[in-house]
Amino acid sequence: MAEASDIASMRRALDLARRGEGRVEPNPMVGAVICGPGGAIVAEGWHDRFGGPHAEAMAIAAAGGAARGGTLYVTLEPCCHHGKTPPCSEAIIAAGIRRVVVAAGDPFPEVAGGGIAALEAAGISVEVGLLAADAERLTAPFRRLVTSGRPWVIAKWAVSLDGRLAAAPGGDRWISSPESRELVHRLRGRMDAILIGIGTALADDPLLTARPAGPRRALRIVLDSRGRLPLESKLVRSARDWPLLVAVGPEAAADCLLALEAAGCEVWREPEQDAGERLEKLLAELGRRRLTNLLIEGGAEVFRTLFNRSLVDEVHAFTAARRLGKPGDGLPQLPSPPPFEVEEVLHPGGDTFVRGLVGRPPLSGQADPESRSASA
Ligand code: AOF
Ligand code: ZN
């Protein structure tokens, strides 16, 4: 059984890790706390931005000599590779830390157990698995990218009480409250990419930017198999200021594509006939570009493909407290979504917002934490 003080220190490290959200990707969010031999916290650290110091390095620098003989609590296995920064395992050993408590292993191939092994080889006591589920959830998008080679997929929709899919913010069918729209913009501001289908692009003419801007500037993507995105759409007109990728299929006409490119869009062409296969190839391409978080904002056709292929990791579902449709109105309806575990419920401006996790987040690929901590 972990001591209450161990749990409190790891909780603090998890909170610190969240400060890097939207700033560290494609790296994981990581937090660290150092306690002195007496148990009091002497220093804290977190991975604050991509390319910057790792959480442990920041905490060790802040602790100075006070780290000697102490305990390090860290939410991810310390690295042991020379990346953009030197290995944390070496810094921990050099600082004279005696005990390391790790929440979850790092699936990154250059680390994957090697960080823990390096610390143990230096005679440091290592315990793995304290609050592992929280740490794995925190780094689920990073784990998805490392283990599946594709981004973490968040499906966001807004429906009326009678199940009609509402338009993207800005279109005239948008029925959710301003508070809901604010939540969506905050989410957009930490995404690596935001994707819609051509039906939504034609119906709503959205801009798909985050307003106000967040820590990241998402690549905007339109699934447009036949190359129908109008040059006068807001998306294309803003393509020189905000990157826009138009993903087309084999039947798109070459002259349309040249015109889109001349307007500043990136055209991504995939000869595969099947829309689902094309979408999976696109996700793999986004994974190669190391895009970690992908927000999908509809419409019905895109959701159907995503749900059929079990490609959704997280859902953000808004329901407005109003009816929208009339019988036979032909307005698009949300296809039946996958089951999810509810993680958060809010009532922005009278709407209902549910955030849900589909399936379990990808794990570390580490040995059973119980068996590891037994060695300490
Ligand atoms: C840690 N502590 O705070 C983080 C770690 O981009 P680099 O060179 O800084 O290295 C990124 C890799 O290091 C990343 O893929 C992950 O495996 C690990 N991240 N490790 O010990 C940290 N952010
Ligand atoms: Zn490191």
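These legends describe close-up views of a predicted model.

**View 1. Residues around ligand 1.** The shell around ligand 1 holds 17 residues. His 54, Ala 55, Glu 56, Lys 84 and Asp 106 come nearest. By class, the shell residues are eight nonpolar, five polar and four charged.

**View 2. Polar side chains at the oxygen atoms of ligand 1.** Asp 106 places a polar side-chain atom 2.5 Å from an oxygen atom of the ligand. For Glu 56, the distance from a polar side-chain atom to an oxygen atom of ligand 1 is 2.6 Å. For His 54, the corresponding distance is 2.7 Å. Ligand 1 exposes 520 Å² when taken alone, and the protein buries 97% of that area.

**View 3. An open sheet of nine strands.** The strand order is β10-β9-β8-β7-β11-β6-β12-β14-β13, and the pairing is mixed. β10 (266-269) and β13 (341-346) are the edge strands. Each has a single partner strand, so one side of each lacks a neighbour in the sheet. On average, neighbouring strands are turned by 20° against each other, direction ignored. Strands of a sheet pair through backbone hydrogen bonds, in parallel or antiparallel fashion.

View 4. β13 runs antiparallel to β14 (residues 352-357). Five bridges join the two strands. Leu 346 stands opposite Phe 353 in β14.

**View 5. Helix α7 across the sheet.** Helix α7 spans residues 178-188. The helix lies across β6 (152-159), β7 (193-197), β11 (293-296), β12 (314-319), β13 and β14. Helix α7 runs at about 160° to β12.

Key: Residues numbered from 1 in each chain as written. Chains lettered and ligands numbered in written order. Predicted model: local features only at pLDDT ≥ 70, side-chain atom pairs only at ≥ 80, totals over all residues. Heavy atoms only, no water. Near = heavy atom within 4 Å. Polar contact = N/O pair within 3.5 Å; in protein donor to acceptor, adjacent residues only side chain to side chain. Areas by Shrake-Rupley, 256 points an atom, 1.4 Å probe, with all protein chains shown as cover. Nonpolar A, V, L, I, M, F, W, Y, C, P; charged D, E, K, R; others polar. Pairing = 2+ DSSP bridges. Helix = DSSP H or I, 4+ residues; strand = E, 2+ residues; numbered from the N terminus. Axes fitted to C-alpha atoms, helices over the stretch in contact; angles between N-to-C directions. Contact = heavy atoms within 4.5 Å.
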